[in-house]
Structures are given as structure tokens and as C-alpha cells.
Amino acid sequence: MTGKTVRAEQVSATRELILAAAERLFAEHGVFAVSNRQVSEAAGQGNNTAVGYHFGTKADLVRAIARKHAGQIERLRLRMVAEIGEPADVRDWVSCLVRPVTDHLAALGSPTWFARFGAQVMTDPALREIMVEESLTSPSLQQIIDGLNRCLPSLPVEVRAEREDMARQLMVHMCAERERALADGTPTPRSSWHGAANGLIDALVGLWLAPVVS
């Protein structure tokens with residue numbers, strides 16, 4: 001093993017430590033309440049400039065965390081979309097929306113921080129666009145939206161847009177609430193992420209199929 005290889009592995013390991021520490025601290029305290037110094041210390045880095053050296057700005061660090069998870073979720077979602085049979089209904093498409101996220105959180109073990117990190121970022125005007133770009137503009141998500149649209153051809157455009165916003169809020173914050181309860185050791189309505197996905201899918205199907213009162 002060459003010195004260059006060892007150095008590359010050390011840099012990669014340091015970056016992973018910083019990402020993990022930042023994700024946890026951002027999830028628990030909010031992004032702008034946490035300093036780069038606190039992230040460096042939590043990652044075991046004696047150099048307080050480690051975050052800036054490895055990632056640049058705080059926004060760059062947020063993007064790196066979002067991108068890391070989004071890539072893993074996208075692989076799960078692409079597989080689910082590819083396995084959908086015909087004709088696909090609203091529940092099929094909603095399942096493709098929900099299960100890759102909950103399956104990813106389940107696979108991470110416990111505790112996790114990504115759902116709460118996502119909720120913090122999505123409610124921050126300065127950072128929300130990063131999460132949208134990294135997590136909510138993937139090819140598979142566009143396929144799902146197109147599939148839902150085909151299932152609901154009579155849904156008015158403005159109602160469709162409104163329900164997309166509602167669905168996104170429900171997914172982000174219900175996953176964050178469950179994650180927070182698990183971290184705190186408090187009771188959850190469902191015993192597993194799989195069960196939580198079932199409940200969320202039921203609610204979202206009802207949301208999409210709800211009557212429209214003009």
C-alpha cells in the first residue's frame with residue numbers, strides 16, 4: 001500500500017467522521033445553532049478548521065450529508081419503480097415514494113439522525129433548496145409523480161400541487177417524529193419502520209384520493 005493510498009483512506013475516514021458528527025448535531029440542535037468547531041470536536045478532530053478544509057461552507061456540508069443519503073435512497077426507489085406491474089394504482093406509486101425512505105432508515109440501525117436532519121433543513125429557508133435539489137428532483141421521483149398523475153387524471157392542477165406539498169410535509173415530519181421517539185426511548189404508534197411505512201402509505205393514499213370540494 002503506497003503512502004498516497006494511505007493518505008486517501010485517512011482523508012476518506014475523516015470526511016465520514018465529520019459527516020456523521022454533523023448529521024447528528026444538526027438533527028438534534030439545528031444547522032445554524034451548531035458551529036464548525038463543535039462538529040470538528042464531535043468528530044474527534046483536533047484541528048478546528050477540519051470542516052472547512054474537507055467540505056468548505058456549512059451549506060456544502062449540508063449538501064454532502066443530503067447527497068450521501070439521497071444516493072442510497074434513490075437506488076432503492078429505482079428498484080421499486082422497476083418492479084411495479086401494470087396497471088399500477090395510487091397505492092403502488094405511494095409505496096414507491098415512502099418505502100425507500102423508511103427501508104433506508106431501518107437499514108441504518110438505531111439511533112438514526114437523517115430524518116430529523118431532513119426536517120431541520122426543509123424548514124430552513126436558506127438551506128431548503130439544497131435538500132430539494134439533492135433529494136426531491138431524482139429521476140425516480142419524477143416517474144412516481146407521472147404515475148400518480150396518470151392515476152388521477154381529473155385532479156385539478158392546483159389541487160395536485162397542494163397535495164404534493166402535503167404529502168412531502170407528512171413524509172418528512174412523520175419520519176422525523178418516529179426517529180425522535182426512537183432516540184428518546186418513548187413509545188411509537190408502530191413497532192417497526194415497515195409498520196410505520198404502512199400507516200404513512202394508508203394516510204397518503206387517502207390524501208390523494210380525497211374528494212375535492214370547490
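Lys68 and Glu16 form a salt bridge, with their closest N and O atoms 3.1 Å apart; by salt bridge I mean a side-chain nitrogen of Lys or Arg within 4 Å of a carboxyl oxygen of Asp or Glu. Lys68 is in helix α4 and Glu16 in helix α1, residues 3-29, so the pair ties together parts 52 residues apart in sequence. Helices here are DSSP runs of H or I, at least four residues, numbered from the N terminus.

A word on the source: this is a predicted model, where local features need pLDDT of at least 70 and side-chain atom pairs count only at pLDDT 80 or more, while totals for chains, interfaces and linings use all residues. Residues are numbered from 1 along each chain as its sequence is written, and side-chain values use heavy atoms, leaving out hydrogens and water.

Lys68 is partly exposed, at 32% relative accessible area, and Glu16 is also partly exposed, at 39%. Partly exposed lies between buried, under 20%, and exposed, over 50%, using a 1.4 Å probe and protein chains only.

How many salt bridges does the structure hold? There are 9. Another one joins Glu134 and Arg67, with closest N and O atoms 2.7 Å apart. Glu134 lies in helix α7 and Arg67 in helix α4, so this pair ties together parts 67 residues apart in sequence. Glu134 is buried, at 16%, whereas Arg67 is partly exposed, at 48%. Both belong to a network of salt bridges that also links Arg63 and Glu133.

Last, Glu177 bridges to Arg180, with closest N and O atoms 2.5 Å apart. The two are 3 residues apart in helix α9, residues 157-184, and so are separated by about one helical turn.
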